Amino acid sequence: MGQQPFETILEAHHAEIYRYLVRVTFRRTEAEDLAQETFLRAYRAYRTLPPDANLRAWLFTIATNCARNHFRAERRRRRAHEAVRAVRSERDDGARPDGQTLFNEARERLDGVVARLPFKQRLAFVLRKIHELDYEAVAASLGCSAESARAHVFQALKKIRRDLTELPTMEPQR
Amino acid sequence: MKRPRNPCAEIELDLIAAATGEADPVAERRVQQHVSGCAPCGGDYQRYRALEQAVETWRRAPAPAGPPAAARRRLEERLEEIRRRTVAYRIFPSPLGNILIALSERGVSMVEYLGRRRDLAHSRLGRMPSVDPVEDGAELEALHRELLEYLEGKRTRLDWPLDLALARSEFHRSVLRATAGIPHGAVMSYAGVACEVGRPSATRAVAQALRWNPLPIVIPCHRVVGSSGALTGYAGDKLDLKERLLAVEGVAVAPRARRICRESMYVRYPGDDSYCLPSCPSLATVDHPHRLVLFGTRQRAEAAGLAPCTTCRPDVHPIAS
């Protein structure tokens, strides 16, 4: 009662949650399944969600838990790492405007570095830097304190900086 | 002059924060001071700045493709299925023993007498294969309150949205709808309900439909009695409850005989907008005497919107109670 209907929530957040899951799992089919699981879980718990809750952060938390459960099996994690390449070539398949080429290369290098981050750092980095959640929400997603959420993000940044010896030029210069 | 290593290590996190726009003003100033005098950290600062810009460009870039429409459709179908199956329920105490109330997305779908039992496992709801009961509360609290008021005689209507999905068949649903139309404080016979649903010979089937009424009290199957006035049966073996509910509504039941006192009730023929004494001459000509609706008191008949008959004048000659 007094809650917005669940369809509205699905409409507003499904695409973003799916993209988040693609970014952390690197597999579209797995991201689809995990996004479905996320929203089915959310639906079951939705009635009991306090009216003042941060809905978006809550959905990210559920999605993160789904992703972490999914990756708990070591074998699956390895498979996902192997999949990074596949996804990248999958992206190249789409015809893109020419001006984007340089930018795409840079983005893919960044993508690749992010893919090599330890899972928790990757989650923290994507939540904070790509989806721009505040540290409270990142912490809630990871089940840690805001302080350690921040530490995870900074560790990720340090690692990315080290791995990208030469930073990608994001401004098209030609 | 070369600085010792320590300050650089100490300031590293602040430096990252400052370069990525997350530092508070104090840390920001400290970092700027340090960087201005330390070339390696200055280089790091610039690299983090560049990284932040790269990430920002990445973030602002057109998002990767969203979920395929098929995935969205599959999710919506799953949700729809769960939604259809999910009912929230609570078990409440009442003067009639524990009562379970269940609410689907369309309305109240079950009211069940549990007696002393308090667990879903032994309830009819818990055994239904077509639903997933979830114990939940807020909306059900209000329903429970209204139900108690009703049982205390402080309320004559339960205007709840109802969901008849748990009735056993379409015929059962039509019987339940007809029964829902019997006003508070009135009774009708099983044969009368059978006529109402257009199956005048289906008296026993009507009785079965009411035996499996998923919404007792709300759909007032206690207001349906035998043509002779005998209470007949209620929810299997709960005739006591039927008697109590009728008493709450002002319908007298002869003690021990377990029948209502037809001869001391006011009468209305379906479709009429007036009520009569049982001896009214106008009733001698009715085709289906079992279709009569009987009222325990004049107040109830008038509350149902009826006027006193102008022939027998029940308002002038009320039945002595």
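Two strands pair if DSSP finds at least two bridges between them; strands (E, at least two residues) and helices (H or I, at least four) are DSSP runs, numbered from the N terminus. Ser189(B) stands opposite Val225(B), which belongs to strand 6 of chain B. This is a predicted model, in which local features need pLDDT of at least 70 and side-chain atom pairs count only at pLDDT 80 or more, while totals for chains, interfaces and linings use all residues. Residues are numbered from 1 along each chain as its sequence is written, and chains are lettered from A and ligands numbered from 1 in the order in which they are written.

**Open sheet in chain B**
- An open sheet of 4 strands has the order 6-5-11-9 in chain B, with mixed pairing.
- Its edge strands, each pairing on one side only, are strand 6 (224-225) and strand 9 (266-268) of chain B.
- Strand 5 (residues 186-189) of chain B runs parallel to strand 6 of chain B, and 2 bridges join them.

**Hairpins in chain B**
- Strand 1 (residues 86-92) and strand 2 (residues 98-103) of chain B run antiparallel and are joined by 5 bridges, with Arg90(B) and Ile101(B) as bridge partners.
- These two strands form a hairpin with 5 residues between them, and Gly97(B) in the turn has a positive phi of about 95°.
- Strand 2 of chain B also pairs with strand 3 (residues 108-115) of chain B, antiparallel, over 6 bridges; Leu100(B) has Glu112(B) as its bridge partner.
- In this second hairpin 4 residues lie between the strands, and Gly107(B) takes a positive phi near 160°.
- In strand 2 of chain B, 5 of the 6 residues are buried (20 or more other C-beta atoms within 10 Å of the residue's own; exposed means 12 or fewer, partly exposed in between, with C-beta atoms placed from the backbone).

- Between the chains, 28 residues of chain B are in contact with 25 residues of chain A (contact: C-beta atoms, placed from the backbone, within 7 Å).
- Helix 3 of chain B gives the most to the side of chain B that touches chain A, with 10 residues.
- That side of chain B divides into 17 nonpolar, 4 polar and 7 charged residues (Ala, Val, Leu, Ile, Met, Phe, Trp, Tyr, Cys and Pro count as nonpolar, Asp, Glu, Lys and Arg as charged, and the others, Gly among them, as polar).
- The 22 residues of helix 3 of chain B reach 31 Å from first C-alpha to last, close to the 32 Å expected (1.5 Å times one less than the number of residues).
- Asp44(B), Tyr48(B), Leu51(B), Ala54(B) and Val55(B) are buried in helix 3 of chain B. They lie on the same side of the helix because they cover an arc of only 120° around the axis (the arc is that of the directions from the helix axis to the C-beta atoms).
- Ala39(B), Gly43(B) and Arg60(B) are exposed, on the face turned away from the buried side of helix 3 of chain B.

- Asp163(A) lies in helix 8 (residues 146-163) of chain A and is partly exposed, with 14 other C-beta atoms within 10 Å.
- Not counting residues up to four places away in sequence, Asp163(A) touches Val113(A) and Arg116(A).
- Chain A averages a pLDDT of 81, and 74% of the residues score at least 70 (pLDDT is the predictor's confidence in each residue, from 0 to 100).
- The pLDDT is below 50 over residues 92-99 of chain A, a stretch with 2 contacts in the model beyond near neighbours in sequence.
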